[in-house]
Amino acid sequence: MRRHLPVLPIAALIAALLGLTPLAPSTPEARAADRAAGDQPYASYWHPNTLLTWDPATDPDARFNRSRVPLRPRVSDPALKANANARAGEGKIASLVSFGPTSNNPAQGSTNPHHYAFGHWQYIDKLVFWGGSAGEGLILAPNATVIDAAHRNGVKVYGTVFFPPTAYGGQIQWVRDFAQKSGNRYPVADKLAQVAQYYGFDGWFINQETAGGDAALATELRNEMRYARTLGPVEFMWYDAMTESGAVSWQDALTSANDSFLQEGDRRTSDSMFLDFGWSASGLNSSRTLARSLGRSEYELYSGIDTEANGYNTSVPWGSVFPAGQPHVTSLGIYRPEWTYTSAANRADFHTREARYWDGANGDPSNTTTASAWKGLAHHVAESSAVTAKPFVTSFGAGQGDFYHSAGVRVSSTGWNNLSLQDVPPTYRWLVSSNGAKLTPSIDFADAYDGGSSLRLSGPLDAVNTVRLYQTRLPVAADTKLSVVVKTPAAGPTRLKAAVSFTDAPTSFTTLDLGSTASTGWERKTLDLAAFSGRTIAQIGLQAAGSVPSYDVRVGQIAVFDGAVDAAAAPTGVTVLGVTDVSPTRKSLRLAWTASASGPVHHYEVYRRNADGTRTFLGATPNDAYFVPQLDRVGTETTTTLDVEAVSAEYGRSPAATTTVAWSTATESNLALNRPATASGQCNTTETPAKAVNGSVSGGNGDKWCTTTSAKWLEVDLGAARSLSRFTVRHAAAGGESASWNTRDFTVKVRGSTADPWTTAVAVSGNTAATTTHPVTTTARHIRLEITAPTQTTDPAARIYEFEAWGS
């Protein structure tokens, strides 16, 4: 995609930012061979011809990238929109988001609590999982966590296909490979449909910017999209770059030069089009007219804005796309809204920026008054809600946390991110009405009932405060119940009521008192809604009343369900698919099981059993396979028992299914730890070779060996010939630096004495990971790390936080 100031293609820009240069594409088989059986699975990526060889049955990561969450239907009641200026049922928003480098998107989250945990799904209708590079792969499928979270919120997810300009490694042959034909079939299109259907996402964003095409190639691309759409429910969004002549020429509008990529006569080519950033009011008006003449909606055109560099400081001619008091002209396409995360100093700053970006300067979507031209997306587009069926349960989980709680009990103190575990966020962030001081709602990461966060209501309470949370469409039956889990700083009155409105009077709340608490712990208040049977809940909120100088109440869960809380059947056949020994006392592993025979299941939780009868949470997924990133040995235990239990849609819990993992009785240690080290050079007086063998990666950016010498090597003397089982190298990102500085190409060599020649034990090319582990079977006294490509970019500095040699 084309950038302005300077003018660069977006696809090209992402390649430039990541420092990706053209490499020989690796095959899926080669990537699979590089992975140990229990290593981290990643989102899938390919070049066109390598995609043709993909088979989920032989791809060890495929099972972990499957989403099990269906796309939920949504509602948007104009009577309940937060902002008077916003319009419902008109222009939509597509969001193009890069969650990580193409080759480094974990399939199921990770132990890093810092992540772009997007929480404003109510304003978007499509999310494009943005990425791709000439060196890694042109075709990127979304990972399971993003699909799960998006679908729970009624948002469609697209993978990305992009062909970069030749200046950034693009080759027109790749486009021809993509459009190759076999009889009446397009083999790559067959695979695109298969990938989308197997992984459970909704379509593809096609970004073709490689020069050298012609009209015949452009025609084949259109035919290919039409062919793919016949294979099943797979959609396409076309980017305004390649024209019908085959030339790359951004139109910034729907014109006669590109309209066949949307509609050609009575044939639908793509489902929508992303218009490049240089659009004008006249161009959008003519685009609307042309779209209608083709029998298509103007809201299938997404006028692009680029917020990667400046976020809500980006200049946007809002009146051209969303004119005040008039119907929207087109929809809106946002490039890189994760600026709110990448520019933030910490999590609190991210939430502040996210609120400013989406809800407006006042943190209130109903009041977007500001001197800034950026009033927040809530000013223009009315909220949608996927809370359209029972049961509905939210613990206000953000999809990340510094710990994990289960029913109010801390079961893990390890940080994490996993959007598969994100609850449907509140529709309104935040809407509080009061005749006095307004309470401050917030997502609180200091306490939780389930997961890693809860809802906190705090501030001076001197009048009735009504907090609107969710727009819903939930029918009430004779046995429907509403439960709220609360925690107060002292036993006594909560001064809190549940507030619900119904579709026959959607703006009028009925309140139900939550009463008092008997302790300072989490307590569940269950309310019978039988009196409202036959009506449909339109809104769910909370109402606080009384006089408290410093009110502070946490809400750990809100649930609407029928009858008793149902439990799912237990999963069966828990199997360890593979194990990687990270150290003698730590493993990572891949698990799989047979899904519960009855449910429905919201997700499965994985625990380790402890000797004292407690359990430690290891992770969770809606899938039937899970990667456990960290299993730690306790004491001298020889086996660890793992539990997998199903959590139902109403949060009832099944009995656990179990399996065991064995630990080696052999004593293994890092033989390079604190041994004498020499190197080809160092970047400064503090970044010495000794820093690479000091056993630490947490001492800041200076806790590493660094060199810019032309030949880059690091040697360690183990003191005597030792039996070695593996090498571990911790690259730049392991110490908190940019992943673009992770070592790309390197070898590890060994020898028994200084009189012996060096022998290559490990050879790596194309690495992108922060930490790499390399099993070996060898004996050596001297070990040598040689680096030939120090980073993913042109940066010349090698950065190694640890060079470990494990053995006995």
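**Why these labels? Questions on a predicted model**

Q: Why is Ala382 called buried?
A: Ala382 has a relative accessible area of 6%, and buried means under 20%, with exposed over 50% and partly exposed in between (1.4 Å probe, protein chains only). Residues are numbered from 1 along each chain as its sequence is written, and side-chain values use heavy atoms, with hydrogens and water left out.

Q: What does Ala382 touch, not counting residues up to four places away in sequence?
A: Ala382 touches Ser76, Lys81, Ala86, Arg87, Ala88 and Gln122, where contact means heavy atoms within 4.5 Å. Ala382 itself is found in the loop between α11 and β13 (392–394); helices (H or I, at least four residues) and strands (E, at least two) are DSSP runs numbered from the N terminus. From Ala382 to Gly436 the chain covers 54 residues in sequence, with 27 Å from C-alpha to C-alpha.

Q: How do you know whether Arg353 is buried or exposed?
A: Its relative accessibility is 19%, which falls under the cut-off for buried, so Arg353 counts as buried. Arg353 lies in helix α11 (residues 347–358). Beyond its neighbours within four places in sequence, Arg353 is in contact with Tyr312, Trp339, Thr340, Ser343 and Ala344.

Q: Why is the aromatic pair of Trp130 and Phe205 called edge-to-face?
A: A pair of aromatic rings is described by the distance of the centres and the angle of the planes. Rings of Phe, Tyr and Trp (its six-membered ring) pair if their centres lie within 6.5 Å, and planes under 30 degrees apart count as stacked, over 60 as edge-to-face and the rest as tilted. By this rule there are 37 aromatic pairs. For Trp130 and Phe205 the values are 5.7 Å centre to centre and 75 degrees between the planes, so they form a pair and the pair is edge-to-face.

Q: What makes Trp130 and Phe205 a pair that ties together parts apart in sequence?
A: Trp130 lies in the loop between β3 (126–129) and β4 (139–140), whereas Phe205 is in strand β6 (residues 203–208), so the parts they tie together are 75 residues apart in sequence. Trp130 is buried at a relative accessible area of 1%, and Phe205 is buried at 0%.

Q: Which residue has its charged end over the ring of Phe445?
A: That is Arg347, 4.3 Å from the ring centre. The rule asks for NZ of Lys or CZ of Arg within 6 Å of the ring centre and within 35 degrees of the ring normal. Arg66 lies over the face of Tyr198, at 3.8 Å from the ring centre.

Q: What makes Cys683 and Cys706 a disulfide?
A: Their sulfur atoms are 2.0 Å apart, and a disulfide is a pair of cysteine sulfur atoms within 2.5 Å, so Cys683 and Cys706 qualify. The structure holds one disulfide.

Q: Why is the disulfide of Cys683 and Cys706 called left-handed?
A: The torsion about its S-S bond is about -60 degrees, so the disulfide is left-handed. Cys683 lies in the loop between β38 (677–679) and β39 (705–707) and Cys706 in strand β39, so the bond ties together parts 23 residues apart in sequence. Cys683 is partly exposed at 33% relative accessibility, whereas Cys706 is buried at 4%.

Conventions:
Predicted model: local features only at pLDDT ≥ 70, side-chain atom pairs only at ≥ 80, totals over all residues.
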